Amino acid sequence: MKINYIYSFVLLSLLTLFSSCSDFLNEEDPNSTASGNYLKTENDVSKALAGVYLAIRHNDCLGESSTLYTEERSDNTGRNDNQSNAGEPFQFNDFSLLPSNSYLKKHYVALYDAVSRANYLLTYIDQAKIENADNKKKYIAEAKFLRALVYFQLVRKWGDVPLATTYFETYQDVKKNTYREKQELVYAQIIADLTDALDSKLPNIQNEAGKGHTSKAAINGLLGQVYLTMATRFESNKQENLQNANKYLSDCYTMRTFGLLKEIPYGDVFDVKKKSTCPEIIFQIVYKQGDKDYSSSIAANSQAEGETINSQKKTKGGGTFVKPDLVKEYEEADVRKSFSVKYADNANAKSWFITKFRDTSDAAGTLGHGGNDWILMRYADVILMLAEVNMYLGNEAQATSYLNEVRERAGIPTYQEMQNDALYKSKYPTLKLAILHERRVELAFENQRWFDLLRFFNSDELVQYFRAKSQDDYGVSSLANFGKKDYYYPIPFDEWKLDPEKMWQNEGY
Amino acid sequence: MGGASTIITNGAERSYKTHITMEGQPIGMFYGFKVKGMVTEADMANIAKDDKFYNAATQSFPEGYKLQGPARSTASTTKLAPGDLYFEDTNNDGVVNDEDKAIIGSPHPDFTFGFMLSARYKTWDIRTAFNGSVGNEILDGQDYYIFNMEGSGNQYSVVNDRYRNAQNPGNGEIYRAARGSTQSNSTRLSTFYLQDGSYLRCTNITVGYAFPSIAKITRNNIANLRLYASANNLFTITNYLGYNPDVDYNNGANLTPGVDYGKYPLAKSYNFGVQVTF
């Protein structure tokens, strides 16, 4: 009897359970939130943005030790060790890059990591509750700026590249979007991102506390550089691109807080004590002096054995090798030469090394934990780009006046006065070459030279330019290896292998 | 796996690629270059002839050019010299590059086996157990350091048989010692670093002696007394130079089997025992 009651009671309660609210049993695991649900508060978004900056900072991305992928590709610096494991990074400056080079893959992956993090923020920011609409716009602007910055690197280094603007969650999404998008469309996306980023309340120039974040001056400067690059790459819309470049670069120039460049001594730009107050710096990656994790090691790493000019750290070997080709390019009486390079006489060195980045303070100490910020954009760069734009537009007077502003700060005669110098005239017969020369000595070792070369020359001219150099002044890397293929990097081997059609390999590899 | 889904992974030191997983092949096959031979003094003249036609900028020879000397590797940053190994140019374009990489070995054995043998003779008995595997190849991840002929650390003793000069060519397989020699460039895997992982291992031998008339001696208090001695992992017959040819899936990385990263070797153990039946 009793059993029957219990039986029916259980049956009844089961029935009611299944007929009531159907998501009573639906729970979310608080320990593993789906990525799409993570951004909830403004703090979450701020952290996501910090994640993008962190990706940019990586030494395989755009950090201070990423010079292998940009500066060491050019005729400024390079490596002399071509043996054993060092043979792999050596390929970059030797122009014998193999698609299976693991450093190449690391760089490619690090760049796309930054893109992916920016896409994550931009895809899911609407789910977060941000009360201040201006703040929300600022986060979006910064993420878009960083994404554009990285795509600008990708498109110049590889040409057509996969273009992703949303965060992918499924394998099908990834597969659908893995194909090399045409350069023109990538540039269009970069322009769209940067123009969008301008429409925000970011400050013109960041204050001391905000250093490391982007600013309107940085966005304008980058936008100008993108238009300028497009003008030299593509025949169509050339005039329009030049006009836009001029507009944005001038906007950036107007936002400066100093008068003329000569008010800022060259050494001040790289002085660790002045890094947060120097008005010439527009956008930088901040490094923390004395910190074992976030300090800069560029000063110590550049220093040759037996030298003390860069850092208190006892260094070995030759430091960062500077090609004699660059050393010979500095003009006499140019203050930038003695500031940027030095010859190391030590038996284990006997070569020129970089002295542009120094931190000999006690705070950095003998471990070389320097505080040097890594400068990604500064006004000398913008001014010389303005000279370049005006040269293309035919405004020679404007162009030379910008050029002279930089030369005056370096303590050397103006462009007009140099026309009487036979050596200068023979090396740089045109204004174009004079500007290229000025960029080389002003911005040496700042990851600009390779992009300058790509902008000033097309692939045929570049081959001629490199072949004309003297091998003796070049180091161990072989100039004879330079060919048309070296205008671009190869697509990493396993990326190409995954889909040889849609991720087709660059010519010559 | 559908369409173009070839996966190339690195299973050993640094990041150089060692395994490939592709349609039509087992998972995780070794992927790299095949060693074709060693450069001799006689080859140098032919290499010089090829140099004249070699275009360093495009890393290629003119169309239809017939190669005189051994094919050069584009991953090598130093010139071919006597005593260097050269690789097979599978597509015959005169240079050895990523396109000449092929499947060069299989980490999967043709078969694994095991057997037991036991015998008894009067009062003695012996039981043995063996196991083994045949046909698999192993990449020893530590060879990157101890078989690189670079002078950066201790090397296998077989390095004594390396090429020294034309008068001392060694055993013809181990290349010359040099930091910049073709092999020590960490960008590629070749058959030089693959070893045969076949082995026969005696996992257990037990020998026992049963006292014959123990029952009589102890007046049926002890029915049987047997002494035995056994050894575990007594010996392994293998050509493999590393610790233990029974390598696993490299700590669970399914796409890179057959890599030995110095898995702790098996210990021999010896046991003695007495078996008493009352």
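Modeller: What follows describes that domain contact, then the contact between the chains. This is a predicted model, in which local features need pLDDT of at least 70 and side-chain atom pairs count only at pLDDT 80 or more, while totals for chains, interfaces and linings use all residues. Residues are numbered from 1 along each chain as its sequence is written, chains are lettered from A and ligands numbered from 1 in the order in which they are written, and side-chain values use heavy atoms, with hydrogens and water left out.

Chain A is divided into domain 1 (2–267), domain 2 (287–322 + 330–372) and domain 3 (379–485); such bounds come from an automatic or database domain assignment. Between the C-alpha centres of domain 1 and domain 3 of chain A there are 31 Å. To their contact (heavy atoms within 4.5 Å), domain 1 of chain A gives 46 residues and domain 3 of chain A gives 41 residues.

The size of an interface is often given as the accessible area lost when the parts come together. Here domain 1 and domain 3 of chain A bury about 3,900 Å² between them, with 63% of it on carbon and sulfur atoms; buried area is the accessible area (1.4 Å probe) that two parts lose on being put together, summed over both. On the side of domain 1 of chain A, A:D75, A:F95 and A:L261 supply 19% of the area buried against domain 3 of chain A, more than any other three residues.

Four salt bridges are counted between domain 1 and domain 3 of chain A, a salt bridge being a side-chain nitrogen of Lys or Arg within 4 Å of a carboxyl oxygen of Asp or Glu. A:E408 forms a salt bridge with A:K262, and their closest N and O atoms are 3.1 Å apart. The elements that give two or more residues to the domain 1 side of this contact are α3 (87–94), α5 (133–158), α8 (216–233) and α9 (238–254) of chain A. Helices are DSSP runs (H or I, at least four residues), numbered from the N terminus. The largest share of that side, nine residues, comes from α9(A).

As for the chains, 25 residues of chain B are in contact with 26 residues of chain A. Chain B and chain A bury about 2,300 Å² between them, 47% of it on carbon and sulfur atoms. The count of salt bridges between chain B and chain A is zero.
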